[in-house]
Amino acid sequence: MTEDTADSSVVRRDRYSGGPARDFLSSMAADAHIFAADLAVDRAHVTMLAEQGIIPEETAGEIFDALDEIEAAGHEALPDGEDVHEAIETAVIDRVGPEGGKMHTGRSRNDEVASCLRFQLRADLLETLDAVIAFRETLLSVAGDNLDTVMPGYTHLQPAQPTTVAHYLASYESAAARDTERLLDAYDRTNRSPLGAAALAGTPFDVDRERTAELLGFDSIVENSLDAVAGRDFLLEALSAIAGLTVTLSGLAEDLIFYANRGYITLDDDYASTSSIMPQKKNPDSLELVRATAGDAAGALQGLMTTIAGLPRAYNRDLQRATPHVWEPVAAVTEATEVAAGAVGTLDWNEAVLEQAAGEGFSTATGIADRLAMSGLPFRTAHEIVATTAQTLESAGEIDDGAPDDAATIEALAAATEATTGSPLEEFVDREELTALLDPAESVAARDSRGGPAPSQVEQALADARSGVEADRRAVTKRQAAIDAAEQARMEVDFR
């Protein structure tokens, strides 16, 4: 290390570089996540400086050699610094000498750090997108195997109407598809280059911002230099999309925990654990942790919003505390998505238990009311008839014991119809047809409106969803390919 930088900051030298606040100011540990991003930004910036004739090509080549050595040594080998950007610059100057300081020509740490954050965040978002798409593929695969597997549907955790496992899982795929859209949107607004904005007001050097954007694989630049260094809304948007995904995962996890409690599903041992004292127990621990990610992400989102709200325009050191709110939730949700996919893909649906539960609590009542209404009765009249029937069955203890007896249900319906309309039940619908509709599978099959649980409808919905997954997979692949191509082009530049 040179004498000038041995005991002082390469940026601040002896002024403001020490004292009791030094460690408090440092973000070196947290910056490990953007170490590789900073090296990429440095290479792109130095390439542009040399191509524009702002620094000699020979100096650029020496800086490249230094950056290669720094990359090989790793983040842990960096000298002490206020942040990773300063530490890398210090290490370059240590190897090259004062000429190494030309690496920072025409830029500020303000635009440098903003570029690094966007560079790294887009990579993290692509990893999350890969996990979400794989999760959706698993949901659709398991749904396709369970088109005819009936199960209870709930509102307010009370038996409501029968549905199928396929219809249920497809509902979560639909939610995850919207999460995918939001993540892709967040990626596209993240993938814009702030480099060249300098501290806030641009630079007098003849920099080529489009060239550095190209070398880094950014789609475009953040045009206004002040906005480029001050804006952190891309973090907010990305974290909001991540938080939305955790809500989807948390809902699924809660359902599966509830279903495991009811005996509807059996989790694979890889996604469960036992008690330290009660060996007979099988706990859905992995799903409970998936469920908890929503709370973590919501807290991080609130923390980020609070940190960046009301800041005066341009760079403020508060922003150093903004990024840790993002890195941990992004990593956690990617892992949670993979765990959720694994749990769904390996669990057993206990069909006999599900079929029995699907008819509990007179869950086919709405189907009976719909059929009466289809015969010409006003729906509210049909609703009254079925409500009266339900009260009769409840008073007789039929509903409390699970699915009510078919014969008892038809007799109660006949009595309620006569009392409400003054006409016999048979005037509106055959008893045999109503008996069939009391079967949860028949009730499901009758609900063949678009988006409904009838197997014919769900089969088409799954085909459409698979097309959507394929399109989203192509979109992610295209974005990754653009990054890879930019990296290849960046590494092919050589002034040595």
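These notebook entries record what I looked up in a predicted model of one protein chain.

**Ground rules.** I number residues from 1 along each chain as its sequence is written, and I leave hydrogens and water out, with heavy atoms used for side-chain values. Because the model is predicted, local features need pLDDT of at least 70 and side-chain atom pairs count only at pLDDT 80 or more, while totals for chains, interfaces and linings use all residues.

**Overall form.** I counted 18 helices and 6 strands in the protein chain; these are DSSP runs numbered from the N terminus (helices H or I, at least four residues; strands E, at least two). The radius of gyration is 31 Å, well over the 23 Å of the globule rule for 496 residues, so the chain is more spread out than a compact globule. I note that the radius is taken over C-alpha atoms and that the rule is 2.2 Å times the number of residues to the power 0.38. Along the principal axes, the C-alpha atoms fill a box of roughly 100 × 50 × 40 Å.

I then looked at contacts (heavy atoms within 4.5 Å). Of those between residues at least 6 apart in sequence, 76% join residues at least 24 apart.

**Helix H2.** I checked residues 35-51, which form H2: its 17 residues should span 24 Å at 1.5 Å a residue, and the end C-alpha atoms are 25 Å apart, which agrees. The expected span is 1.5 Å times one less than the number of residues. In H2, 15 of the 17 residues are buried, so the helix is largely enclosed by the rest of the structure. Just after H2, I recorded a positive phi of about 75° at Gly53.

**Gln120.** I located Gln120 in helix H5 (residues 109-144). Gln120 is buried, with a relative accessible area of 13%. Leaving aside residues up to four places away in sequence, I found Gln120 touching His33, Ile34, Ala37 and Trp327.

Key:
Buried means under 20% relative accessible area, exposed over 50%, partly exposed in between (1.4 Å probe, protein chains only).
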